[in-house]
Amino acid sequence: MIEDVAANALRALIPPPRLRLSDWIEGHVTLPEGVSAQPGPVQLWPFQREIADAIGDPEIERVTLVKPVRVGFTTLLTSALASFVANEPAPILCLLPAEADCRDYVVSDVEPIFAASRAVADALGDDRDEGERNTLLSRRFPGGSLKVVAAKAPRNLRRHNVRVLFIDEADGMEATAEGSPILLAERRTLSFPDRKIVLGSTPVHEETSQVLRAYAQSDSRIFEVPCPSCGAFSEILWEQITWDQDNPASARWTCPHCHEQIEERHKPAMVAGGQWRALRSEVQGHAGFRLNALVSLHANASWARLATEFAGAKDDPSTLQTFINTILGQGWRGDGEELDDEGLAGRVERFGLDQVPAEVLAITVGCDVQHDRIEATLIGWAEDSTAFILGHRIIWGQWDEADTWAELDGLLKQSFPHALGGRIGIEAAAIDAGDGTTMHTVTAFCQPRTRRKVVAIKGAPGNRPQIERAGSKTKTGARLWIVGVDTLKGLIFGRLSRGTSIRLSADLARVWFEQLASERAVTRYKRGQPSRSFERVPGRRAEALDCTVYAFAARQIINPDWEARRAELALRNPSVPVAQPVLKSSWMRR
């Protein structure tokens, strides 16, 4: 009896075994309809379980995840948030790139998942008395709080001291006037000895990637699966995926050990038997995970589907980069750091505005406004996104003279003879209004021509969309469009350096090529954070490059009906048959 009492007393002093976070998620988190294609209790994929357990492990301070799409990171992140709210209430901060990202995440994921999960809903309690303190992006609950903030505004990070920090899409965050938002956010955790920092992102550029840098400082885990043939464990890599020519459905994995070709039907069992292996096991307290979509069990991540996507993306640097970033979870290694104007001039072909090629079914224009002239580059677009640089025009005249703008208006109204027999006009134009002196004149010209898709634009550096409407109007009430100049220069340089998707007219003057090659890509440290940008080659003008960037931006605001356009251009010449679209092969040549 005495021994039993002593044993019971001893057991009372020993804390119960801690429930692993992966088990808690599967037992308590529910996905509602509209959030997931498979609503109901969360069922983690095998490779997600160790990530979840690392987030929940008090011995691990940092977790870094290099992630592709289609591996359920958002669900995992939200489920981990739910666990902290229900089990370890504390000040929690979620950092996302922009305000729109924050709102979308809360509305689309956090609120519905929290409401559908009983344990979290109970922990949050009734917030009717918290109305003054709770907002869409800020929520208080017994013992803690949850704030979702944007990295673009440093003031969002000043007042918060948090124990748990979640950072999503770190590679989409740029340095602010106060420095790196990631470092600013991490400083808000310093007062907590038991802090938890979780950083995840799809990598963008290899040389500036925040998530790749963090992963390199971790224990660097990779997910390996057993080969059904030889049993050896390997990470599934893209170079090991092969398929028969013109048959992506035959995509299969080649084991690097026994060289047996493994069919897709084995993947679920392979992933179920997979395990994480740390490449740097000597690192303690920082768990790093690197994934690619090849192990995803999502229906849209089958090897056949990914083979099809790759074949359609491989010839265009912009789409290839998207595949490498979002599917393979790898950083893009910048090519085309500097262009060779001599080499570009040697690639010209015999076409131009006097006879627009049959492949060209739309034309856009980019205009650069100087104080004594307006320069314009005209680019034709084929259905397969090939760009034909058709010609360049210079309108001489002072920027504030009506005759100068009347001549530009005449150019934009012109039509040009087309190889199919008809005439083709200009569908959209982007005119630079970034010069504070000329902005009012440019916007005054563009505003009444908006229906003709003549828009005033202003270039902005950094990792931005190719073109988007400005959030507010100018002082004169005009609407500007913001062009991501670094994004477009990276796209243009990549295409030109690879010799794909951009064709050059022999009508272009030699100086145009010098101006096209007027900048080079460089990586600089800005407020302690690496940043990739473009810098001018000393002694060169850049009008041709700027005009090309703006014409590429203008392409994003049109949506041609290719079949109708082709028929319309051939209508005036019945002897010319309406050609069917001729696209580049969508399959990888092997």
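Is lysine 67 buried or exposed? Lysine 67 counts as buried because its relative accessibility is 6%. Buried means under 20% relative accessible area, exposed means over 50%, and partly exposed lies in between, with a 1.4 Å probe and protein chains only. The model is predicted, so local features need pLDDT of at least 70 and side-chain atom pairs count only at pLDDT 80 or more, while totals for chains, interfaces and linings use all residues. Residues are numbered from 1 along each chain as its sequence is written, and side-chain values use heavy atoms, with hydrogens and water left out.

The side chain of lysine 67 meets that of glutamate 169 in a salt bridge, at 2.7 Å from N to O. Lysine 67 lies in the loop between S3 and helix H4 (73–87) and glutamate 169 in the loop between S7 and helix H7 (181–187), so the pair ties together parts that are 102 residues apart in sequence. Glutamate 169 is partly exposed, because its relative accessibility is 27%. A salt bridge here is a side-chain nitrogen of Lys or Arg within 4 Å of a carboxyl oxygen of Asp or Glu. By this rule the count comes to 40 salt bridges. Helices (H or I, at least four residues) and strands (E, at least two) are DSSP runs, numbered from the N terminus.

Strand S3 (residues 62–66) pairs with S8 in the parallel sense over five bridges, and valine 63 has valine 198 of S8 as its bridge partner. Strand S7 (residues 164–168) also runs parallel to S8, joined by five bridges; here valine 164 has lysine 196 as its partner. Two strands pair if DSSP finds at least two bridges between them. Six of the six residues of S8 (residues 196–201) are buried, so this strand is largely enclosed by the rest of the structure. In a regular strand the side chains alternate between the two faces of the sheet. In S8 both faces are covered: Lys196, Val198 and Gly200 are buried on one side, and Ile197, Leu199 and Ser201 on the other.

One is with arginine 449, at 3.0 Å from N to O. This pair links aspartate 409 in helix H13 with arginine 449 in the loop between helix H14 (439–446) and strand S22 (454–460), 40 residues apart. Both of these residues are buried. Aspartate 409 also forms a salt bridge with arginine 452, where the closest N and O atoms are 3.2 Å apart. Arginine 452 sits in the loop between H14 and S22, 43 residues from aspartate 409. Arginine 452 is partly exposed, because its relative accessible area is 33%.

Helix H13 (residues 402–413) also holds glutamate 407, which is partly exposed at 45% relative accessibility.

Most residues other than glycine have a negative phi, and most peptide bonds are trans. Serine 220 has a positive phi of about 55 degrees although it is not a glycine, and histidine 259 has one of about 65 degrees. Serine 220 is in the loop between helix H8 (210–216) and strand S9 (221–226) and is buried, at 5% relative accessibility. Histidine 259 is in the loop between strand S12 (247–254) and strand S13 (261–263) and is exposed, at 57%.
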